[in-house]
There are 2 protein chains.
Amino acid sequence: MSVGIVETKFVHFDTELRLESGRILGPITLAYETYGTLNRDGSNAILVAHAWTGSAHLAGKNSEDDLKPGWWDAIVGPGRLLDTDRYFIVCSNIIGSCYGSTGPASINPKTGKRYNLTFPLITVRDMVRAQQLLIDYLGIRKLLTVLGGSMGGMQALEWSTCYPDRIASAIVLATSGKPSPMAISMNAVARWAIFNDPSWKKGEYRRNPKDGLALARGIGHITFLSEQSMNEKFGRRFSTRDGLFDFFGQFEVERYLSYNGYNFVDRFDANCFLYLAKALDLYDVAWGCESLQEAFTPVQSPIQFFAFTSDWLYPPYQTEEMVKVLEELGKTVEYHLIESTYGHDAFLLEHETFAPHIKSFLNRIESAVGM
Amino acid sequence: MSVGIVETKFVHFDTELRLESGRILGPITLAYETYGTLNRDGSNAILVAHAWTGSAHLAGKNSEDDLKPGWWDAIVGPGRLLDTDRYFIVCSNIIGSCYGSTGPASINPKTGKRYNLTFPLITVRDMVRAQQLLIDYLGIRKLLTVLGGSMGGMQALEWSTCYPDRIASAIVLATSGKPSPMAISMNAVARWAIFNDPSWKKGEYRRNPKDGLALARGIGHITFLSEQSMNEKFGRRFSTRDGLFDFFGQFEVERYLSYNGYNFVDRFDANCFLYLAKALDLYDVAWGCESLQEAFTPVQSPIQFFAFTSDWLYPPYQTEEMVKVLEELGKTVEYHLIESTYGHDAFLLEHETFAPHIKSFLNRIESAVGM
């Protein structure tokens, strides 16, 4: 069942956050949504962390007129995997984004103007530092679990390593502890596409630089798919609208990238896209540590990992590296390699493949914490 | 040994070529180089077909001042794999290119202006059709072999299927008989990068649209490398020139793409890049046939195939599909899967891995034809 109509809330912190870069960010606004009710001992709270271009709007609709529900509606609601009759679910927009939390597109209260490129570079660790303020604010001492895919999984890893006493478990899907130069290079050309757009104006645009941002998003979509999913979805079919020998004629896969690219322009800010792409590339779970061993030493609670066979953005071997080190350290870790042709997007599209594993993992965590 | 100083020659055909699209192209100029001497019975001629942005300048230097030799110099020269004391080697610039053969950057003799987008779309089959004029002109009845990698391999496939009586063998490296939607999508975003550049002006530029073309080439380089080669070459190293938290700071892989992208602008025409990208995407060895079986039925002479394990642009399975069908048809076919981390570029960088196989293949062909 759907959670129905939900409202995005906002909380304002006067705190100044010291970022990994050494720079200061504050005050900070965080946009968030919650579903279900926090139980008396506060043991049923789950934080769902969103990916690159996601938002706090995880499930349900913000108004009756919404055509689509939240970004992971399929797993959140009464009777669903994240059962809102049982859990208190929180999802907050990350800092650096443009869906209500403080980011490059926000007004800098000190100048009255948009931050744009004066916004400091942020890391995934910074995002989680800000999230922690929200968890405190909501009166949650310890999260039952933090769950996320892609950049959401990176956040779950940061909770596990930096705030181990604040979580009882973590669930990490389609994530890398350290994106490869291949993943970086795809983001690099996406950034370049925006830099090339004269209407970007070094970030001082009035209107989103649409051609550059659409292309950047098109490049992103290539990384979300896989050779197999493209073969299944498009093959080498040529657009029926175009002639094969038209100079501007498009293959169906080409039209898909273009269509999704231009759609994205209406919903996401170009500077925010750039800042978050950078955060992805800079991500290193062993940031500030000598080794992965050192990084994972503080981990206290079980982590469940999922990787997807056709994910070439964050390929399974990157998850397996982390699992191996955690096992060597004697940590409680569980790993599922899911056979899928959907590529990186599998975590959003094929929840039925991993939902049963998450369900039984959560049951065990609940028993352990006596929920 | 190097072939030394060589001269690019040009030949002009008044013929009008009927293209696959139904359009007519002509007159046609072809740029070509030759190395070695055609023997009396004309049995020692080898055609080397170049890839996307290659040229007729296969080996040696065009002048003493050249910093670099031709694009596949390592395998051409006295005592080298393609021994110029033994063979007569021909390399011609493909039509659609900008290195002396007729292409979008050429002057249309009918208008006195550059063709630009009035140039007809061309296919790999059209390129080979034009090459055949050159082979006739040079007095070669039958080529000992046609050899090429990537788009050069596609040309070798076209010789095998469309002009089977004109060749005694073919050698095909790092090629696809039908590029995947993944390969198409990378070319699609490369094209898009050029279309986005306002200085492209729908092809009517005076100066190459540098930012768009550089980005397009940067995207191309991603497809030429592999996750492994990027790991070995760059890892996640950050440019020492930049701060990790500089907004415009670059990873080394990012700087590599940018450096190579901008270098390319001085040597290749944007419209030609677009036309040839399209020819790659449209390539289908079974073009005009009902099946791969039908396409390969006319093949008369042995084909030697090479694929490279880390080539994700034209992955080995695409070569294996062709080999399987040829074997089923009872054709003489030889296949080598070369273990390599270099990705698609392996065919240019690791000639020592395949040279011995080519040598023994050529020896057998020579015996068969009595050279």
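Predicted model: local features only at pLDDT ≥ 70, side-chain atom pairs only at ≥ 80, totals over all residues.
1. Extent of the interface. In the model, 61 residues of chain A are in contact with 61 residues of chain B. The two chains bury about 5000 Å² between them, and 74% of that area lies on carbon and sulfur atoms. Of the area that chain B buries against chain A, 17% comes from B:Arg236, B:Phe245 and B:Phe247, more than from any other three residues.

2. Polar and charged pairs. Across the interface of chain B and chain A there are 16 residue pairs in polar contact, both residues being at pLDDT 80 or more. The rule for salt bridges finds 2 across this interface. B:Arg191 forms a salt bridge with A:Glu254, and their closest N and O atoms are 3.1 Å apart.

3. Elements on the chain B side. Helices H3 (181–196), H4 (210–224), H5 (227–233), H6 (252–265), H7 (270–282) and H9 (316–328) of chain B each give two or more residues to the side that touches chain A. H3(B) gives the most, with 12 residues. By residue type, the side of chain B that touches chain A divides into 36 nonpolar, 14 polar and 11 charged residues.

4. A loop residue of chain A. A:Gln250 sits in the loop between helix H5 (227–233) and helix H6 (252–265) of chain A. Is A:Gln250 buried or exposed? The residue counts as buried because its relative accessibility is 17%, and the cut-off for buried is under 20%. Leaving aside neighbours within four places in sequence, A:Gln250 is in contact with A:Phe238, A:Ser239, A:Asp242, A:Arg255 and A:Ser258.

5. Strand S4 of chain B. Strand S4 (residues 28–35) of chain B is mostly covered, with 7 of its 8 residues buried. Which strands pair with S4(B)? One partner is strand S1 (residues 9–13) of chain B, which pairs with S4(B) in the antiparallel sense over 5 bridges. Within S4(B), B:Ile28 stands opposite B:Phe13. Another partner is strand S6 (residues 88–92) of chain B, which runs antiparallel to S4(B) and is joined to that strand by 4 bridges. Here B:Tyr32 stands opposite B:Ser92 in S6(B). As a general point, side chains in a regular strand alternate between the two faces of the sheet.

Definitions and conventions
Residues numbered from 1 in each chain as written. Chains lettered and ligands numbered in written order. Heavy atoms only, no water. Buried < 20%, exposed > 50% of the residue type's maximum accessible area, 1.4 Å probe, protein only. Contact = heavy atoms within 4.5 Å. Buried area = accessible area lost by both parts, 1.4 Å probe. Salt bridge = Lys/Arg side-chain N within 4 Å of Asp/Glu carboxyl O. Polar contact = N/O pair within 3.5 Å; in protein donor to acceptor, adjacent residues only side chain to side chain. Nonpolar A, V, L, I, M, F, W, Y, C, P; charged D, E, K, R; others polar. Pairing = 2+ DSSP bridges.
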